[in-house]
Amino acid sequence: MRIAIIVAEFNPEITHPLRDGAISFFKENKISGVDVLHVPGAFEIPVKAAQLFSSRKKYDGIVTIGCLIKGETDHYDYIAQAVASGLQSVAIEYRKPVSFGVLTCHTYAQARRRAGRGSANKGREAAAALLAMLKK
């Protein structure tokens, strides 16, 4: 099984613990074919996912990791919608699972809680969702 984890570098204090949660989940489940790739921000994740599915490496699935925190403008709404729609399109086009580990939070505190240790870590949850889809 070959899996990619795409991590947005924007808000690394959130995305790196999410990434680590996903990696830990895969290690605990003895999944070794995991590649971690980084992109500047969440907006770039769908393009990287499409590139990976069309690459020679032939990934079976992709976990996406990012963090969007609502600010004072509509920017958050546009980016969140574009990322969600883009990832759904990639999954449908390539007929392969893409799990959504992109946090869309109203506050930084909400994001920190979702990037915590153990079962509260949404990166871990996204990895578990992907593995469940791959086993179906």
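**Entry 1**

I started at arginine 95, which lies in the loop between α3 (75-94) and β4 (98-105). Helices here are DSSP runs of H or I with at least four residues, strands are E runs of at least two, and both are numbered from the N terminus. Arginine 95 is not a glycine, yet its phi is positive, about 55 degrees. I looked up its accessibility too: at 78% it counts as exposed. For the cut-offs, buried is under 20% relative accessible area, exposed is over 50%, and partly exposed is in between (1.4 Å probe, protein chains only).

Before going on, I noted that this is a predicted model, where local features need pLDDT of at least 70 and side-chain atom pairs count only at pLDDT 80 or more, while totals for chains, interfaces and linings use all residues. Residues are numbered from 1 along each chain as its sequence is written, and side-chain values use heavy atoms, with hydrogens and water left out.

Proline 97 sits in the loop between α3 and β4 as well. At 17% relative accessibility, proline 97 counts as buried. What does proline 97 touch, leaving aside its neighbours within four places in sequence? I found Phe53, Asp60, Gly61, Ile62, Leu130, Met133 and Leu134 in contact with it, contact meaning heavy atoms within 4.5 Å. I also checked proline 97 against alanine 132: they are 35 residues apart in sequence, and their C-alpha atoms are 9.8 Å apart.

**Entry 1: the other positive phi I noted**

Asparagine 11 is in the loop between β1 (3-8) and α1 (12-28). Its phi is near 60 degrees, again a positive value in a residue other than glycine. Buried or exposed? I have asparagine 11 down as buried, at 14% relative accessibility.

Glycine 118 is found between α4 (108-114) and α5 (122-135). With a relative accessible area of 41%, glycine 118 is partly exposed. I took its C-alpha distance to methionine 1, 117 residues away along the chain, and got 24 Å.

**Entry 2: cysteines**

I went looking for disulfides, taking a pair of cysteine sulfur atoms within 2.5 Å as one. The count by this rule is 0. Cysteine 67 is in no disulfide, and its nearest cysteine sulfur, that of cysteine 105, is 5.6 Å away. Cysteine 105 is likewise in no disulfide, with the sulfur of cysteine 67 as its nearest. Cysteine 67 is buried at 3% relative accessibility, and cysteine 105 is buried with a relative accessible area of 3%.

**Entry 3: the whole chain**

I counted 5 helices and 4 strands. In sequence order I read them as β-α-β-α-β-α-β-α-α. The radius of gyration is 14 Å, close to the 14 Å the globule rule gives for 136 residues, so the chain is as compact as a globular protein of that length. That radius is taken over C-alpha atoms, and the rule is 2.2 Å times the number of residues to the power 0.38. The C-alpha trace spans about 40 × 30 × 25 Å along its principal axes.

How much of the chain is buried? I got 42% of the 136 residues. Of the contacts with a separation of 6 or more, 78% are between residues 24 or more positions apart.
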